[in-house]
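Q: I would like a close look at one part of this entry. Please keep it brisk and define the terms as you go.
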Amino acid sequence: MAKAARSAKNLTAQTTARLRQSGLRPTRQRVELAGLLFDDCDRHVTAESLHDEITKAGVKVSLATVYNTLHQFTQAGLLRQVIVDAARSYFDTNTGDHQHFFLEKEGMLIDIPGEAISVAGVPNPPPGLTVDRVDVVVRVKRA
Ligand SMILES: [Zn+2]
């Protein structure tokens with residue numbers, strides 16, 4: 001077997017194992033999408049950008065399926081959803097502690113390492129509630 005084919009096969013096996021560990025049945029579409037999302041370094045995608053990417057890779061998947069799969073991956077803890085505004089939601093393959101700069105015009109998120117930012121003065125939540133997480137999106141523009 002050629003080296004490239006062997007490594008692609010290994011990646012598929014890894015992806016399948018990763019989905020199973022997260023409690024997701026490794027359907028063909030999930031494996032294809034997870035392959036695009038997790039084979040590379042950390043990335044921020046939207047349902048639309050990932051749909052474009054998988055379509056260009058020659059795989060036929062509807063935008064609704066991409067959208068649903070991203071939410072399933074998020075529920076399973078494989079992705080973190082970053083809601084920038086009501087109309088725009090990004091999915092982050094880095095689920096670790098970090099925040100974001102958001103370049104509005106380009107629609108681009110840039111990571112801020114978790115230790116580089118501190119949030120002070122978060123008020124006590126109403127009785128019976130605890131703060132689960134604080135998401136910070138710092139909106140930036142080119143000077
Ligand atoms: Zn990020």
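In the open sheet of three strands with mixed pairing, what is the strand order?

A: The order is β5-β4-β6, and the pairing is mixed. Helices (H or I, at least four residues) and strands (E, at least two) are DSSP runs, numbered from the N terminus. Two strands pair if DSSP finds at least two bridges between them. β5 (108-113) and β6 (137-140) each have a single partner strand, so they stand at the edges, and one side of each lacks a neighbour in the sheet. From one strand to the next, the twist averages 30°. Angles run from 0 to 180 degrees between N-to-C directions; axes are lines fitted to C-alpha atoms, for helices over the stretch in contact.

β4 (residues 98-103) and β5 run antiparallel, joined by six bridges. Within that pair, F101 stands opposite I110 of β5.

A word on the model itself. It is predicted: local features need pLDDT of at least 70, side-chain atom pairs count only at pLDDT 80 or more, and totals for chains, interfaces and linings use all residues. Residue numbers start from 1 along each chain as its sequence is written. The predictor's confidence in each residue is pLDDT, from 0 to 100. The protein chain has a mean pLDDT of 90, with 94% of its residues at 70 or more. Confidence is lowest in helix α1 (residues 3-21), with a mean of 79, and highest in helix α4 (residues 63-75), at 97.

For context, there is also an open sheet of three strands with antiparallel pairing, in the order β1-β3-β2. Its edge strands are β1 (44-45) and β2 (80-85), each pairing on one side only. Two bridges link β1 with β3 (residues 88-92) in the antiparallel sense. V45 has F91 of β3 as its bridge partner.

Now the helix packing. The axes of α2 (residues 28-38) and α3 (residues 47-56) come within 11 Å and cross at roughly 105°. That angle makes α2 roughly perpendicular to α3. Under 35 degrees counts as roughly parallel, over 145 as roughly antiparallel, 65 to 115 as roughly perpendicular, and the rest as oblique. E32, L33 and L36 of α2 make the contact with L50, E53 and I54 of α3. Residues are in contact if their C-beta atoms, placed from the backbone, lie within 7 Å.

α3 also packs against α4, at about 120° with axes 9 Å apart. The two helices are therefore oblique to each other. Here A47, L50, H51 and I54 of α3 meet L63, V66, Y67 and L70 of α4.

Terms used
Contact = placed C-beta atoms within 7 Å.
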